[in-house]
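Let us take a walk through this structure together, one neighbourhood at a time. Please keep the model open beside the text and look up each place as it comes along.

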Amino acid sequence: MKLLYLAPLASRPGAAAAETRLAAEDGHRVLLLAEGGPKWEGRDLDPRIETVWLDTFSMNAAEPLLISLCRRRIPLGVLRRLGRPAEPLARRWRRSVVKPLDRDLSRRTAAMREAHRLARIGDTVREFAPDLLVLGEGAAIELGVHFVPELLDHRPETVTAYAYERGAAA
Amino acid sequence: MTARRVAVVTPWYPDPHLPFRGSFVRAMVEATAPGTDRLDVYHLNGWPVTRDRERLAAVEALQERLLPRSVRPVPTAGGAVLHRIAAAVERVRDHAVHARRHAWTLRGALAGEPLAAPVVHAHVPMLGGYAALENARPDAKVYATEHSSFLAEVLADTGSRDLYDEILDRLDGCFVVGEPLFALLGEAFPHHAAKIGYLANPVDFTSRRPEPPAELRRWLSVAAFNERKRIDYLLRAFADCRAEDPELTLTLAGDGELRPELEALTAELGLAGAVEFLGAVEPDRIPALMAEHDLFVHASRHETFGVVVVEALAAGTPVLATRSGGSDQVLDGVEDDAGALFDVVDDPAALVDAYLALRERHPHKTDLDRARAHLSAKYSYAAVADRHHRIWFGGER
């Protein structure tokens, strides 16, 4: 069987490592699609497992230079130079201007990362055409809303699971 | 339909990612399954997902489609059958929301059918209990055991407390593993007091060291590295004892967020060569580990049961533990035979004094065999299984 194990945030790396190893031992071709990074240190992935690392945590939305200069650096720099009398104003500026900018940046970063994850997952599902799809964490279910229904409509024989476990009755 | 068929519904059960979480539920299943015709474990594993309404609705729709087709039974402890179910729970702190989501998820996994068993035993009433009640046959007996160390937090919220009240009202019996939880529930729901009883977690008494330790020099702690377990306190007290006896060693089995701080404290106290950090240890290794050491030390601030204290004595190892609620209840009547208890205070001298006094008494004025026999009668697999079976099939509430 071709098994695709989805762990897009790698929030349960212990389960992903152990279950993919088990699946490889059982003779399945296993592809693990997951966020990469330090969470996998010491997890000892089975060398037979193919991997697609997302590496989305290194992606960050950029802020236009003009906004960064005019709404962050210059006003805060000026207020800093004015010293203690300007501190209340600086706090207010951070609260009313900088914080919304941070929130917006954070929203755009999250959207960018999700779009990247979905694009990679979509490509992988199309190319790999799994017989067994393991949604191994909450984020896999959350992202699954964008492609699992379509996958099941087109290939209803695809087996779905939340874990790979030996001895599972089909 | 078989008469001795049981369903266990639990939010905690060991899995490859968290191999220790809910190991006491697996122990309960291992102990009790052999006395049943069939025992099914429904592990509702809570996975956090978005709380954004629109996205959550999409997750619900997907789960409605996935749940009936994605859960396959596998063999588990004691010949029981395990059903692992992902409960996609929105990221909110409201325990009542979690309870309803667990119940909804189990219904989806069962494709709307009720649990087939005439007896259902849940763990953690708020999560497993509510899910069990909402999915049990109308004629089923439903019981629950409370283990949660966060129960006070649950009851502090009005909505969660009201739901807990409803759960207790609907349950045929509710059990706790120790005195602190008994007191907490009795105080919060005095009108349900008659329905609340004790039911212990089982402990393996099948192996033990051949002789009691002659000297109490090799200390062992089995505890997570969190604030409640007070490993920093233990290290300071150990340092004071070791200043007098440089041959003392301390093994720390466990892991957690405080590990870097504890390693730094170990170095700061000059204990680098005397303290060993084992990391997290598989539950199967605990009995051997207990038997390899001379003294089990436990400095926890609060325990709902104190299973590690029983495990130590099952292995024939004396204990030095705090009066943390669970441990003192477990050792009631055999405290001096088993070792020594000391009060939960900030001064490490409490542990040091208790250790020095115990060292004077041991082995002539301790009686580990007596303590072990006393605990085995209450907490061995056979004893705990018998109690469950009498509750489930024999009419005991």
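Leaving aside neighbours within four places in sequence, F277(B) is in contact with L252(B) and E263(B); two residues are in contact if their C-beta atoms, placed from the backbone, lie within 7 Å. F277(B) sits in strand β11 (residues 275-279) of chain B, where helices (H or I, at least four residues) and strands (E, at least two) are DSSP runs, numbered from the N terminus. Is F277(B) buried or partly exposed? F277(B) has 15 C-beta neighbours inside 10 Å, so it counts as partly exposed. The rule is that a residue is buried if 20 or more other C-beta atoms lie within 10 Å of its own, exposed if 12 or fewer, and partly exposed in between, with C-beta atoms placed from the backbone. The C-alpha atoms of F277(B) and L262(B), 15 residues apart along the chain, are separated by 9.6 Å.

A word on how to read all this: this is a predicted model, in which local features need pLDDT of at least 70 and side-chain atom pairs count only at pLDDT 80 or more, while totals for chains, interfaces and linings use all residues. Residues are numbered from 1 along each chain as its sequence is written, and chains are lettered from A and ligands numbered from 1 in the order in which they are written.

Let us stay in chain B and look at its strands. Strand β9 (residues 218-222) of chain B pairs with strand β10 (residues 249-253) of chain B in the parallel sense over 5 bridges; two strands pair if DSSP finds at least two bridges between them. Within this pair, L220(B) stands opposite T251(B) in β10(B). β9(B) is mostly covered, with 4 of its 5 residues buried.

Chain B also has an open sheet of 8 strands, with mixed pairing and the order β3-β4-β2-β1-β5-β6-β7-β8. At the edges are β3 (74-75) and β8 (196-198) of chain B, each pairing on one side only. Look next at β1 (residues 5-10) of chain B, which runs parallel to β5 (residues 119-123) of chain B and is joined to it by 4 bridges. Here A7(B) stands opposite V120(B) in β5(B). β1(B) is also parallel to β2(B), with 6 bridges joining them, and R5(B) stands opposite R38(B) in β2(B). How many of the 6 residues of β1(B) are buried? The count is 5, and the strand is mostly covered.

Now for some helices and a loop of chain B. In helix α7 (residues 179-188) of chain B, the buried residues are P180(B), L181(B), F182(B) and L185(B). Their cover includes β6 (141-146), α5 (151-156), β7 (173-176), β8 and α12 (326-330) of chain B. The loop between α12 and α13 (335-338) of chain B holds L331(B). L331(B) counts as buried because it has 25 C-beta neighbours inside 10 Å. Beyond its neighbours within four places in sequence, L331(B) is in contact with V309(B), A338(B) and L341(B).

Helix α2 (residues 53-70) of chain B leads us towards the other chain. At 1.5 Å a residue, its 18 residues should span 26 Å, and its end C-alpha atoms are 24 Å apart, which agrees; the expected span is 1.5 Å times one less than the number of residues. α2(B) bends by about 30 degrees at Q63(B), the bend being the angle between axes fitted to the seven residues ending there and the seven starting there. Its buried residues are V59(B), L62(B), Q63(B), L66(B), L67(B) and S70(B). Among the elements covering them are α4, α5 and β5 of chain A, together with β2 (38-49), β4 (81-90) and α3 (95-109) of chain B.

That brings us to the meeting of the chains. The contact takes 21 residues from chain A and 23 residues from chain B. On the side of chain A that touches chain B, α1 (13-25), α4 (138-144), α5 (148-154) and β5 (159-161) of chain A each supply at least two residues.

Finally, visit R12(A), in the loop between β1 (2-7) and α1 of chain A. R12(A) is buried because 25 other C-beta atoms lie within 10 Å. Apart from its neighbours within four places in sequence, R12(A) is in contact with A7(A), G136(A), E137(A) and H17(B).
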